[in-house]
Amino acid sequence: MLQLLQYGEDGPFAYSYNDACTAFANGQSAMFTIGSYAVPQIKSVNPDMDIDSFVMPANNQAEKSILNSGVDLQFCLTRSCKNKEAAYEVLDFLLEHENVQAYLDDQNAVPCKNESFELAPILDGMKAFIEEGRMADYQDHYYPSEMAVDAQIQTFLIQQDTDAFLEKFDKDWLRYNRDIIRLVEDYQKQNGSN
């Protein structure tokens, strides 16, 4: 991210997420390092915009590259739901093939249901990665929101102090994950560390 910063806008920190989507939609930038989840918002500003995408290279060996992807929506019913049958009927409807496809078409999304779906053309640059399962979950699914990593990354990009960023991240990781760390340690004591 720090290396990419030199190729960006002179004042990138003045742009909020919404500002950046709007600026891209209005042709004020040629490239936007964001996920396909931003496309509906971008197209709400410029519905005719021709958008393409590609997997951001993260190493010097193309065959080792992976697509960062994550499921950002889920359905669930609480144990205390008073109308479970009706709720399951709604879920069954939402998960019917044609309804999932309609959602994918509208949101340019990737399905998490294992069926044959038509992907939006803007995902062509990612299609091989999806089909081959060369994907990894978003990193932010692995640390608690209390860590405020988005703010930490922004501070890092402004100050460009790698050591300070990593030191704070490591300290906060231990702080905000202490309960999980303790559970894992207890499990390993009881069951061995394998």
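Does C21 count as buried or exposed, and at what relative accessibility? C21 counts as buried because its relative accessibility is 1%; buried means under 20% relative accessible area, exposed over 50%, and partly exposed in between, with a 1.4 Å probe and protein chains only. This is a predicted model, in which local features need pLDDT of at least 70 and side-chain atom pairs count only at pLDDT 80 or more, while totals for chains, interfaces and linings use all residues. Residues are numbered from 1 along each chain as its sequence is written, and side-chain values use heavy atoms, with hydrogens and water left out.

The cysteines come next. A disulfide is a covalent bond between the sulfur atoms of two cysteines. The criterion applied here is a pair of cysteine sulfur atoms within 2.5 Å, and a search of the whole structure finds zero disulfides. C81 is in no disulfide, and the nearest cysteine sulfur, belonging to C76, is 9.9 Å away. With 26% relative accessibility, C81 counts as partly exposed.

The aromatic side chains are described by ring geometry. A pair of aromatic rings is described by the distance of the centres and the angle of the planes. Rings of Phe, Tyr and Trp (its six-membered ring) pair if their centres lie within 6.5 Å; planes under 30 degrees apart count as stacked, over 60 as edge-to-face and the rest as tilted. The whole structure holds four aromatic pairs. One of them joins F24 and F32, which are tilted, at 5.6 Å centre to centre and 45° between the planes. F24 counts as buried at 10% relative accessibility, whereas F32, at 22%, counts as partly exposed.

Another pair is formed by Y143 and F169, edge-to-face, with 5.8 Å centre to centre and 85° between the planes. Y143 lies in the loop between strand 2 (135-137) and helix 7 (149-159), and F169 lies in helix 8 (residues 162-176), so this pair ties together parts that are 26 residues apart in sequence. Helices (H or I, at least four residues) and strands (E, at least two) are DSSP runs, numbered from the N terminus. F169 counts as buried, at 18% relative accessibility. Y143 and F169 also belong to one aromatic cluster together with F156 and F165.

Helix 8 also contains D163. D163 is exposed, with a relative accessible area of 62%. Its C-alpha atom is separated by 15 Å from that of V149, 14 residues apart along the chain.
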